[in-house]
Amino acid sequence: MNDVSRSFRGNSNAARDIAHHLHPYTNFKKHEETGPLTIVRGRGIYVTDDDGKEYIEGMAGLWSAALGFSNERLATVAYEQMKQLPFYHAFNQRSHEPAINLAEKLKQMAPVEMSKVFFANSGSEANDTVVKMVWYMNNALGRPNKKKIVSRLKGYHGITVASGSLTGLPNNHRSFDLPIAGIIHTTTPHYYRGAQSGETEDQFTTRCAEELEALIVKEGGADHVAAMICEPVMGAGGVIVPPKGYYEKIQAVCRKYDMLFVADEVICGFGRTGNVWGSQTMNIKPDILTCAKALSASFLPISAVMVNDKVYQALADESNKIGVWGHGFTYSGHPVAAAVALEAQKIYDEIDLFGHARRMSPAFAKHIQSFADHPLVGEAMSVGMVGALEVVADKKTKAPFDMATVGAGNRVYNHAVARGLFIRNMGDRVAICPPLIINESELADLFGRLRQALDATLADLKSEGHFKG
């Protein structure tokens, strides 16, 4: 990875990072050996490391930097808000204008009618809050046993104890003693990998709904199962776009058992799927919606939970009974973060960012589909401005490479980095999620570098005898 070992001497960034910094999502022993790739500045869709090498940020950082990595207006708004009111809280009926204005704006933007907006600092905190809301609501309604929440295998909803339990990825559970009780997981709606022989997409989605219902019944039915949470398009699980009709069928099951439906829009929200919300793209009618990441274009940490009036009234009644809604964060609706998020939304409107993303989506899809004939690519999938390629050993049988000995997806990643492109591999699924401001020539450059990375990976695998195709 950029041969950072050459920078381990003395007081270098790499040496100091290894000595002092504990990273998220990292193999610590490997990090001690290879060190970090340190980014020092950003410009548009590009970032630059401390050796001066520039990269296309093909993942918008972490699915999040919608406006890229430089925006003078957002910097100015943050500075002006810091001068006026650098911090205040929202506890005990206190408030401030940035939080009020942002809550009002989000309600206006919501895909369905919502009642109130609660602010947190990350997608994990937002989804953790949802778990507590669901439990609190059902206690308020005199349903103390109705607490179980359904998520999906390969779903990603965060990394705190409750949100990490909602996440359906093994490495987010292993050795953490997760998931906690009451969090259950149902079928991944991935037709390419999950369909049975001869099964149509409609039959597959029907089976997903039937398996969901069977799980709900097994877990106690309407008396025990309270909610289901879904990313409209599954992100960290591999960019999985459920087939047409899937959400209509599973929402019908949730209604049958009087369950809340929660849309996790942390990745999909604010234009990523071609609409403001992934819920609009996928025909979801949520009772609760969480968002983060592009809420502030990722310039500052902030997230939000929107709830409909049914949920709010139950929370309000119970808070009145107890005397307080005993939940919140010091930085809930932090005035600087809220001001920056509100300004980001103004910029989105002024430059028609969501319209731009929608207009760029056909070009993005065409680029993704151009890889369908590549010898290594089994599936090429996209919606809006997010997509993925699945690297396989055999296109006909869909047989994967051995993850431990070959690591094909990681090879693609490393070859991409060498060519000045950041992507993300989740096993052998390679994700692309660029800043929404990207233009056609930049998009062509991004996918050109990705093709070079795939071709280099193919050459490696052939020379090592891992690929016979």
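**View 1. The lining of the second largest pocket in this predicted model**. Helix 5 (97–109), strand 4 (116–120) and helix 12 (309–322) each supply at least two residues of the lining of the second largest pocket, and helix 5 gives the most, with five residues. Helices (H or I, at least four residues) and strands (E, at least two) are DSSP runs numbered from the N terminus. A pocket is an open set of points on a 1 Å grid over the protein atoms alone, with protein on both sides within 12 Å along at least five of seven lines, where lining residues have an atom within 4 Å of a point. In total 32 residues line the second largest pocket, and A90, Q93, V117, F118 and W325 lie nearest its centre. By class the lining divides into 16 nonpolar, 12 polar and four charged residues (Ala, Val, Leu, Ile, Met, Phe, Trp, Tyr, Cys and Pro count as nonpolar, Asp, Glu, Lys and Arg as charged, and the others, Gly among them, as polar).

**View 2. The second largest cavity**. A cavity is a set of grid points where a 1.4 Å probe fits but cannot get out. M137, N138, R143, K146, A226, D258, M259, L260 and K310 line the second largest cavity, and this lining has four nonpolar, one polar and four charged residues.

**View 3. The packing of helix 4 and helix 13**. The axes of helix 4 (residues 72–84) and helix 13 (residues 335–350) come within 9 Å and cross at roughly 150 degrees, where axes are lines fitted to C-alpha atoms over the stretch in contact and angles run from 0 to 180 degrees between N-to-C directions. Helix 4 and helix 13 are therefore roughly antiparallel to each other, a term that applies to angles over 145 degrees. In the contact (heavy atoms within 4.5 Å), R73, L74, V77, A78, Q81 and M82 of helix 4 meet residues of helix 13 that include P335, V336, A339 and V340. By class, this contact has 10 nonpolar, one polar and four charged residues.

**View 4. The packing of helix 15 and helix 16**. Helix 15 (residues 408–418) and helix 16 (residues 440–463) pack at an angle of about 130 degrees, with their axes 8 Å apart. That makes helix 15 oblique to helix 16, since oblique covers the angles left over when those under 35 degrees (roughly parallel), over 145 (roughly antiparallel) and 65 to 115 (roughly perpendicular) are set aside. A408, R411, V412, H415 and A416 in helix 15 meet residues of helix 16, among them L450, A453 and L454.

**Notes.** Residues are numbered from 1 along each chain as its sequence is written, and side-chain values use heavy atoms, with hydrogens and water left out. Because this is a predicted model, local features need pLDDT of at least 70 and side-chain atom pairs count only at pLDDT 80 or more, while totals for chains, interfaces and linings use all residues.

Notes. Grid points are joined across faces, edges and corners, and a volume is the space filled by probe spheres set on the points.
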